[in-house]
Amino acid sequence: MAFPAPLAPYAARAEQTRGRLHPEHESAVRTPFQRDRDRVIHAVAFRRLKHKTQVFISHEGDHYRTRLTHSLEVAQIARTLARALKLDEDLAEGLALAHDLGHPPFGHTGEDVLVECMADYNGFDHNAQTLRLLTKLERRHADFEGLNLTWEMLEGVVKHNGPLTGPLAEKKEPLPAAIVEYAQNHDLWLDTFPSLEAQVAAIADDIAYNNHDVDDGLRAGLFSFDEARAVPLVGPAIVSAQMRWPDAPRDILIAEAVSDLIGAMVEDVLAETKGRLVAVNPQDADAVRRAPAALCAFSTSVEADLSGLRAFLHENMYRHYKVNRARSQAKRIIKSLFDLFFTEPETLPPEWRERYEGGSEARRARAVCDYIAGMTDRYAVREYRRLFGVEFDG
């Protein structure tokens, strides 16, 4: 079996994987991390990302991002960063493709409603739901539930934003139940940073969503070129594109500006990360995990500009009245479906009823939550129409 080479000393190494919860014979032609990535791609939850929202409801236009197209963009950026840093590209790509699997329909609005509905039943968290999908809900193998991914993949999924416990954890609130339950049987080192491949996938997510939200927001007319010119990072990219191609159509200028901005962010991350690696000098992947801070990051100046960009997008896009109207309808759909399925569980499909029968209220709530979280936007709308006889005019 040929493994990727040459890798940096601090890269995760497939031949040194900590393995899978359920032992398997490994492939003669693919590394364990390649198999992980391929299992994610073949998962039902991955296919469903095609019709799950980023910001816009999926039927509003064919050109706006969905969770699937976003995940592919994140994977492309993650591979670029991983290759430049001599990391395991398959692990970075697999983590990028898996990172959004646990999101419910209607983007963060759907998650907000499920958090509220599950408040008395161990809560809801999209990262924990991703772990739940990968280790329990996906059923493609005869010998075990879930996809039986490697320790490194599951560690990256759970901790891509940093340690969850211990002095370095940003949040001190209780861990989601799904993570606590899984960690009892498979220790994921919740008090350390993840591999550099996971850190790369996380920052690729930041790069992708900030840039494609600018792209989608401009194309949807939620804000204008004139407004965007005053925004950190975006403004200089737009001005540069207009100076180079003064007669280019608007959509071409948007594409050129966004492309330049992605490139500039990638170069900034590489410069900052290489500087941190020189300072810490980690000699293996575990030294990356035990570092006192994340080693993959934006520079201080770009991070400050990103704060301004995020504030602009929050005010002018995520809270735009058109988006708010869609969000209001989405809230009613998710809340109505949850209440109906919970109070009248006989309306659930048989395979979902089987998951709670004979159990507690909490178990019933979790089955309902799992069912709804797995829905696409359009499936949730169809269920709403079927069950309530209400037309959806979003």
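A search of the whole structure finds zero disulfides, a disulfide being a pair of cysteine sulfur atoms within 2.5 Å. Cys 117 is in no disulfide, and the nearest cysteine sulfur, that of Cys 369, is 8.2 Å away, which is too far for a bond. This is a predicted model, in which local features need pLDDT of at least 70 and side-chain atom pairs count only at pLDDT 80 or more, while totals for chains, interfaces and linings use all residues. Residues are numbered from 1 along each chain as its sequence is written, and side-chain values use heavy atoms, with hydrogens and water left out.

| Residue | Relative accessibility | Class |
|---|---|---|
| Cys 117 | 11% | buried |
| Cys 369 | 0% | buried |
| Ala 294 | 24% | partly exposed |
| Lys 86 | 48% | partly exposed |
| Trp 189 | 19% | buried |

Most residues other than glycine have a negative phi. Lys 86, however, has a positive phi of about 60° although it is not a glycine, and Lys 86 sits in the loop between helix H3 (67-84) and helix H4 (89-98), helices being DSSP runs of H or I with at least four residues, numbered from the N terminus. For Trp 189, phi is also positive, near 55°, and this residue is found in the loop between helix H8 (177-183) and helix H9 (196-219).

Ala 294 belongs to the loop between helix H13 (285-289) and helix H14 (300-318). Leaving aside residues up to four places away in sequence, Ala 294 touches Phe 193, Gln 199 and Arg 276, contact meaning heavy atoms within 4.5 Å.

Key:
Buried means under 20% relative accessible area, exposed over 50%, partly exposed in between (1.4 Å probe, protein chains only). Helices (H or I, at least four residues) and strands (E, at least two) are DSSP runs, numbered from the N terminus.
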